[in-house]
Amino acid sequence: MMKLEEEYRLYLKLERAMSPHTVDAYMRDLQKWLDYLKDADVEPREAETDHVRDFMVTLGEMGIHPRSQSRILSGVKSFYRFLLYRDLIDRDPTELVETPQWLMKLPDVLSVEEIDAMMAAIDLSKPEGHRNRAMLEVLYGSGVRVSELVGLRLSNLYLAEGYMLVEGKGSKQRLVPLSPTSIKQMELWFVDRSELQIKRGNEDYVFLNRRGAKLTRAMIFEIVKRLAEAAGIGRPVSPHTFRHSFATHLLENGANLRAIQQLLGHESIVTTELYTHVDMHYLQDTLLKYHPLSQHEPTTPNPLKGANQAEL
């Protein structure tokens, strides 16, 4: 039986009349999507819209330019139009995923109350309960990328000192502080982790699944999604939302932008400025609270009051 990818290649060549060069380009882009699905243990025909959205976030975190992200998304959309055409699926998971305008849009910020609700939604009686709590505490308490969380190693934890060493974009490492709450939850998870039968090659990874293998990005995305639903949050929430909430809450509470830049691992302060979303209400409140002219009404009379406006 012909593989799905081979059928799609023939479709592009024969029915879409694309040149060999264009077909190869489409297939290279599609392979990125198929590799993501393989890592997530999801069949192409079973993919959901949230998988596509997380895939696009992944491309952005890899440093792929928005124009290239748009091209890749276009190729994935073409693949699912082919599946619809062949009656192999009855719903297109890419239909509601927008082009780079959506990709450039920063995620929503969770309120502290919403984060608390997600924490409370975790069933700590289950084997994965303390693991999930520890993951959320680290995501929100340290602002790490989901890829950094996935790759976090026991050998890079310095709990006594309150730090961890993470590997960010371009294999660049940085020290990131751990909150006391994060440390406590990780220690609770380590008790449950010690009872797992860990697969060879996964012994040093902090966060494992129930089969003793390293968690994937897609698995963490799914965990966060389910907890958001359980907490009654009626909008999409991803691990990236926690990173953005971390930065925004620090900024709103007076943290220095340079410090946030270092914590997030941004090379340029410009990236941090774009990343940290501050709404106009917060800016207005800040102006009214801190600007000298907003502290009190003028006590000296206005010499221009009552003057002939024509003379001004």
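The protein exposes about 18,000 Å² of surface. Carbon and sulfur atoms supply 52% of that area. The model is a predicted one. Its chain holds 312 residues, and 42% of them count as buried. The secondary structure comprises 15 helices and three strands. Among contacts with a separation of 6 or more, 57% join residues 24 or more positions apart.

In soluble globular proteins, nonpolar side chains tend to be buried together. The interior was examined with this in mind. The largest nonpolar core contains 34 residues. Met-118, Met-164, Phe-207 and Phe-242 have the most contacts inside this core. Several elements give two or more residues to the core: helices H6 (112–120), H7 (129–142), H8 (146–150), H9 (180–193) and H10 (217–230), together with strand S2 (163–167).

Met-118 shows how the largest core is joined. Leaving aside neighbours within four places in sequence, Met-118 is in contact with Leu-110, Leu-136, Val-224, Leu-227, Ala-228, Ala-231, Ile-233, Val-237 and Phe-242. Phe-242 is itself one of the residues with the most contacts inside the core.

Tyr-158, Tyr-163 and Leu-175 make a nonpolar surface patch of about 300 Å². Leu-175 sits in strand S3, which spans residues 173–177. The relative accessible area of Leu-175 is 52%. The cut-off for an exposed residue is over 50%, so Leu-175 counts as exposed.

Notes
Residues are numbered from 1 along each chain as its sequence is written. This is a predicted model: local features need pLDDT of at least 70, side-chain atom pairs count only at pLDDT 80 or more; totals for chains, interfaces and linings use all residues. Side-chain values use heavy atoms; hydrogens and water are left out. A nonpolar core is a set of buried Ala, Val, Leu, Ile, Met, Phe, Trp, Tyr and Cys residues joined through side-chain atoms within 4.5 Å. Buried means under 20% relative accessible area, exposed over 50%, partly exposed in between (1.4 Å probe, protein chains only). Helices (H or I, at least four residues) and strands (E, at least two) are DSSP runs, numbered from the N terminus. Contact means heavy atoms within 4.5 Å. Patches are made of residues with over 30% relative accessible area and no salt bridge: like charges are joined within 9 Å, nonpolar side chains (Val, Leu, Ile, Met, Phe, Trp, Tyr) within 5 Å. Accessible areas come from the Shrake-Rupley method with a 1.4 Å probe; for residues, only the protein chains shown count as cover. A salt bridge is a side-chain nitrogen of Lys or Arg within 4 Å of a carboxyl oxygen of Asp or Glu.
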